[in-house]
Amino acid sequence: MNTMDNLEKQLICPICLEMFTKPVVILPCQHNLCRKCANDVFQASNPYLPTRGGSVTSGGRFRCPSCRHEVVLDRHGVYGLQRNLLVENIIDMFKQESSSSSKPAPERKEETPMCDVHEDEKINIYCVTHGVPTCSMCKVFGAHKDCEVAPITSIYQTKKTELSDGIAMMVGNNDRMQGIISQLEEACRAIEENGRRQKTLVCEKFDQLYSVLEEKKRQMSQKVTAEQEEKLNYIRGLTRQYGDHLEESCKVVEKGIQTMEEPEMALFLENTKPLLKKIAEASSVAHLDKVERGYEKMDHYNCDFKKEGKALRSIDFIQDEDDEDEEDEDGEADAEEGEGAQTVLGGSVVTSASDQPSVPQQTNSSSSTAKSAAST
């Protein structure tokens, strides 16, 4: 009998607490449920899925009531689970064995508890006043003679029904709670995915802003470099001109020294006339340009980005109240946005590069040129 009792415990459904009814379905975790109970758990865990004829007609998920393993169903729902024919056959054999044996009844009668006060009396009534089972002698002569009593069988059925309803209610509450947990877990996954997507968008907008700043830096540096090269080329050319003139003057000086050593007066006078002419020409630098004061300075390419830096430090997401205040201006703003865009999530807006503060243009550069001073 002990073996049969242990077998019966293994054949009890964890939902309805009754012996499995056909067909029995086997879950991926190898636990078993009545198909009807599995369908009830599934519907409680997925309250928003469409149903047809009381059964779910699309895929979903629920957790095994025995081990909390997550069971994922396809479009066939619970009817897509595999039947456990072995358990069904064992149930049939158990029922046949139970119906063919008549011995368990007297054995169970022997297990009826006896009264602690009247040892020969069975506990067969229920004291409603104190809420305890007792015997007839206690009601007639004992401690419960003034109490309200009822047949123990009726109280048994009432309490069993009450307990069964309480268990069913708790199972339903647990299923609904599991459904809420599943929805919260799904919300966590959605939040993580949305957060990753929005961070990617923010990084893209900042990358666009970086590219605008890099392009402006390149353009402004190129302007400074262009004037730098122009001035350097001019000064280097002028240096070569002065160098050539200096070399010619040195030759004239050398020629003059040689002429001074000439002892013949006639020959000396003959060579002096063209030499004096060359000395006069070499002494004049009127044909050479002169660099005006401050030509080498480049400080007219000065920049002040305080205003733009303050605007960059104030970059943030657009708040909901700002959106409401700007609703009336949306028509005009759309025409001016151009390639700008806004991405909204949870009341925050990521602005595109066109909405970012503009980088200031460099100050106007002037390429000064050297003025020639002609003096003879």
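Let's start with pLDDT, which is the predictor's confidence in each residue, from 0 to 100. You'll want it here, since what you're looking at is a predicted model: local features need pLDDT of at least 70, side-chain atom pairs count only at pLDDT 80 or more, and totals for chains, interfaces and linings use all residues. Residues are numbered from 1 along each chain as its sequence is written, and side-chain values use heavy atoms, with hydrogens and water left out.

**Confidence**

- Averaged over the chain, pLDDT comes to 76, with 75% of the residues at 70 or more.
- Residues 102-110 have pLDDT below 50, and the model gives this stretch three contacts (heavy atoms within 4.5 Å) beyond near neighbours in sequence.
- Residues 333-376 also stay under 50 in pLDDT, and here the model has 95 contacts beyond four places in sequence.

**The chain as a whole**

- DSSP runs give us 10 helices and 12 strands; a helix is a run of H or I with at least four residues, a strand is a run of E with at least two, and numbering goes from the N terminus.
- Of the 376 residues in the chain, 26% are buried, meaning under 20% relative accessible area, while exposed is over 50% and partly exposed lies in between (1.4 Å probe, protein chains only).
- Take the contacts between residues at least 6 apart in sequence: 55% of them join residues at least 24 apart.

**The largest nonpolar core**

- A nonpolar core is a set of buried Ala, Val, Leu, Ile, Met, Phe, Trp, Tyr and Cys residues joined through side-chain atoms within 4.5 Å.
- The largest one here has 25 residues, and Leu-27, Leu-33 and Phe-62 have the most contacts inside it.
- At least two residues each come from β1 (24-26), β2 (32-34), α2 (35-45), β6 (70-73) and α3 (85-100), with α2 giving the largest share, four residues.
- Beyond its neighbours within four places in sequence, Leu-33 touches several residues, including Cys-13, Phe-20, Leu-27, Ala-38 and Phe-62.

**Cysteines**

- Searching the whole structure turns up zero disulfides, a disulfide being a pair of cysteine sulfur atoms within 2.5 Å.
- Cys-13 counts as buried because its relative accessibility is 1%, and Cys-37 counts as buried at 7%.
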